[in-house]
Amino acid sequence: MHLGELEKLVLQYLWETGSADAKQVFSYFEKRRGGSLNTIQSTLDRLFKKGVLLREKHGHAFQYQAVSDRDAFIGQLVNEISSDFGSSGENTLLAAFTSLSSGMNERQLDELERLIDERRLKVSLDSKE
C-alpha cells in the first residue's frame, strides 16, 4: 500500500488524537502546513477507501479513526513488503529484522528481545488451550 506524505501525516494525527472530523484535522494542519479543507476531506476519503480509516456519521460530518494502532499497521506493511519480495524457500521477514537490528543500540535490542520473549510466551500459552 502506498501512502502519500499528507496521508501519512493525517494517519499519525489520528493515532495521536483517537478520532476527529475533517474540520478538526484541517484546523490542525492549516497552521502547520497550509492547504484547504477540501484537500483534507479528500485525503480522509482516500484513506477510508484504502481501508486505513473507519468513519462514522455524526450529524452532518464523518468522524474518522484509524482501523488499527500504529504498531499493528507497521507490522502489516512489513508483512506485505516481505510477501511482495519473498520467494519460496526464503524467509524475507527474518532477513528484514536481521538487517534492521544491525542499526539498533543495546537498549533497542533489549526491548526487541523482551518483545520476542513476550510473544513466545503468548504462543506457548495459546497452544496449550
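Two strands count as paired if DSSP finds at least two bridges between them. I take helices (H or I, at least four residues) and strands (E, at least two) as DSSP runs, numbered from the N terminus.

**Entry 1: ground rules**

I am looking at a predicted model, in which local features need pLDDT of at least 70, side-chain atom pairs count only at pLDDT 80 or more, and totals for chains, interfaces and linings use all residues. Residues are numbered from 1 along each chain as its sequence is written, and side-chain values use heavy atoms, with hydrogens and water left out.

**Entry 2: the sheet**

I looked up the strand order first. Three strands make an open sheet in the order S1-S3-S2, with antiparallel pairing. Strand S1 (20-21) and strand S2 (53-58) are the edge strands, each pairing on one side only. I noted for background that strands of a sheet pair through backbone hydrogen bonds, either parallel or antiparallel.

Next I went through the pairs. S1 meets strand S3 (residues 61-66) in the antiparallel sense over two bridges. Asp21 has Gln63 of S3 as its bridge partner. S2 and S3 also run antiparallel and are joined by six bridges. For Leu53 the bridge partner in S3 is Ala66, and for Leu54 the partner in S3 is Gln65.

Which residue takes a positive phi in the hairpin of S2 and S3? I found Gly59, with phi near 70°, in a hairpin that has two residues between the strands.

Contact here means heavy atoms within 4.5 Å.

Gln41 is a residue of helix H3. I read it as partly exposed, at 38% relative accessibility. The scale is buried under 20% relative accessible area, exposed over 50% and partly exposed in between, with a 1.4 Å probe and protein chains only. Gln41 and Lys23 lie 18 residues apart in sequence, and their C-alpha atoms are 8.4 Å apart in space.

**Entry 3: H1 against H2**

How do the axes of H1 and H2 cross? The axes of helix H1 (residues 5-17) and helix H2 (residues 22-33) come within 11 Å and cross at roughly 120°. H1 and H2 are therefore oblique to each other. By the cut-offs, angles under 35 degrees are roughly parallel, over 145 roughly antiparallel, 65 to 115 roughly perpendicular and the rest oblique.

From H1 the contact takes in Glu5, Leu6, Leu9, Val10, Tyr13 and Leu14, and from H2 it takes in Gln24, Val25, Tyr28, Phe29 and Arg33. I sorted the residues of this contact into eight nonpolar, one polar and two charged. The classes are Ala, Val, Leu, Ile, Met, Phe, Trp, Tyr, Cys and Pro as nonpolar, Asp, Glu, Lys and Arg as charged, and the others, Gly among them, as polar.

**Entry 4: single residues**

Leaving aside neighbours within four places in sequence, Glu7 is in contact with His2, Thr43, Arg46, Leu47 and Lys50.

Val52 sits in the loop between H3 and S2. I have Val52 as buried too, with a relative accessible area of 4%. Not counting residues up to four places away in sequence, Val52 touches Met1, Leu11, Leu47, Gln65, Ala66, Val67 and Phe73. Val52 and Met1 are 51 residues apart in sequence and 9.9 Å apart in space, C-alpha to C-alpha.

I ended with Lys122, in helix H6 (residues 106-128). Lys122 is partly exposed, with a relative accessible area of 43%.

Note on methods: Axes fitted to C-alpha atoms, helices over the stretch in contact; angles between N-to-C directions.
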